[in-house]
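Subject: Structure handover

Hello,

Please find the structure below.

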Amino acid sequence: MWDYSDKVKDHFLHPRNARVMADANAVGDVGSIICGDALRLMLKINPVTNVIEDASFQTYGCGSAIASSSALTEMIKGKTVEEAQKITNQDIADYLDGLPPEKMHCSVMGREALDAAVANYHGKSYEQAHDDGEIVCHCFGVGINKIKKAVWENHLTTVEEVTNYTKAGGGCQSCHMRIEEIIDEVWMDLEKCGVARPGFVPTPLEGIKIATSTAPAPASAQSAPAAFDSKSEASPYFAQVKAVLQTFNDGLPADGSEVVFVGIDGTTVQVKLEGPAGEGMMAEMTLTFLDKKLKEAAAELAVKRV
């Protein structure tokens, strides 16, 4: 059981600024519910003074993700954009009187959302403003520059710590050796800057486990095939939508969350949301990310909850 501070519990149970901001002029989207966490940060920045007059958020994730997002909005309100950008992920964790090591990636996600919102304010995408470089961890889509930044700023020394801060290495483990190399490369530069490297114990690489069974899942674990009207099945988008929703549902948390494909009306994909994915602010986040995935398949598609 992780040990959460009273401030983390307070910001989780009573999140500040958890709302949609209609007049936001800077919006930052980071993460993905497919990978477990996602955050939208909305800012109202005074174009004359460059002061962040208001900040709000929507997040899909654990209690630490909600608490970190809540804390960030409180920390940046009233600051200029330049002042806000000096805040580090460690500052967010310190504001909450600490986060469990396994949850530090939540503070990193908050800091990335701020960068994304500032990039949006300047008319750029997060990708245009921040080059993550080669993808090191394909399970979670983490690039080399994100790993280097986390190691440099937080003086990380092990693969486990990198996973805690970035999620890199938390999947199949095939990238562990490359992460070890990156840690060594960054510490060579840190040591040149006079930073003493603490004792380093290499993280052992466990064998990659490959499932070999081709036996079908038990009948009780398989969803019953959905029945569709003839109009939906005749749609030219039907197969594409089914494939997108299958992939999308495969990535949702195993907590009862599911997006049920109801049908297609023209270019509108009708769905029902079940479990935590359809509750509160999670519902809008689910629909937002699903809409993005559908548009990647066919730009004219849109999602509607029924």
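The notes cover the nonpolar cores and then the rings. Please keep in mind that this is a predicted model.

Nonpolar cores

The largest nonpolar core has 52 residues, and the members that touch the most others are Leu-43, Ile-76, Ile-147 and Ile-179. Helix H5 (residues 104-121) supplies the largest share of this core, with nine residues. Leaving aside residues up to four places away in sequence, Ile-179 is in contact with Val-136, Ile-147, Val-159, Val-162, Ala-168 and Gly-169. Another core, of 23 residues, lies apart from the largest one; Val-241, Val-244, Phe-261 and Val-271 are among its members.

Aromatic rings

Three aromatic pairs turn up in a search of the whole structure. In one of them, the ring centres of Phe-228 and Phe-261 are 4.7 Å apart and the planes are at 50°, so the pair is tilted. Phe-228 sits in the loop between helix H9 (176-192) and helix H10 (230-233), while Phe-261 belongs to strand S6 (residues 258-265), so the pair ties together parts 33 residues apart in sequence.

Phe-238 also pairs with Phe-261: the centres are 5.8 Å apart and the planes at 35°, so this pair is tilted. Because Phe-238 lies in helix H11 (residues 238-251) and Phe-261 in strand S6, the pair ties together parts 23 residues apart in sequence. Phe-228 and Phe-261 are buried, and Phe-238 is buried. Phe-228, Phe-238 and Phe-261 form one aromatic cluster.

Elsewhere, Lys-7 lies over the face of Tyr-95, at 4.1 Å from the ring centre.

Regards

Conventions
Residues numbered from 1 in each chain as written. Predicted model: local features only at pLDDT ≥ 70, side-chain atom pairs only at ≥ 80, totals over all residues. Heavy atoms only, no water. Core = buried A, V, L, I, M, F, W, Y, C linked by side-chain atoms within 4.5 Å. Buried < 20%, exposed > 50% of the residue type's maximum accessible area, 1.4 Å probe, protein only. Helix = DSSP H or I, 4+ residues; strand = E, 2+ residues; numbered from the N terminus. Contact = heavy atoms within 4.5 Å. Phe/Tyr/Trp six-rings, centres within 6.5 Å; stacked < 30°, edge-to-face > 60°. Lys NZ or Arg CZ within 6 Å of the ring centre and 35° of its normal.
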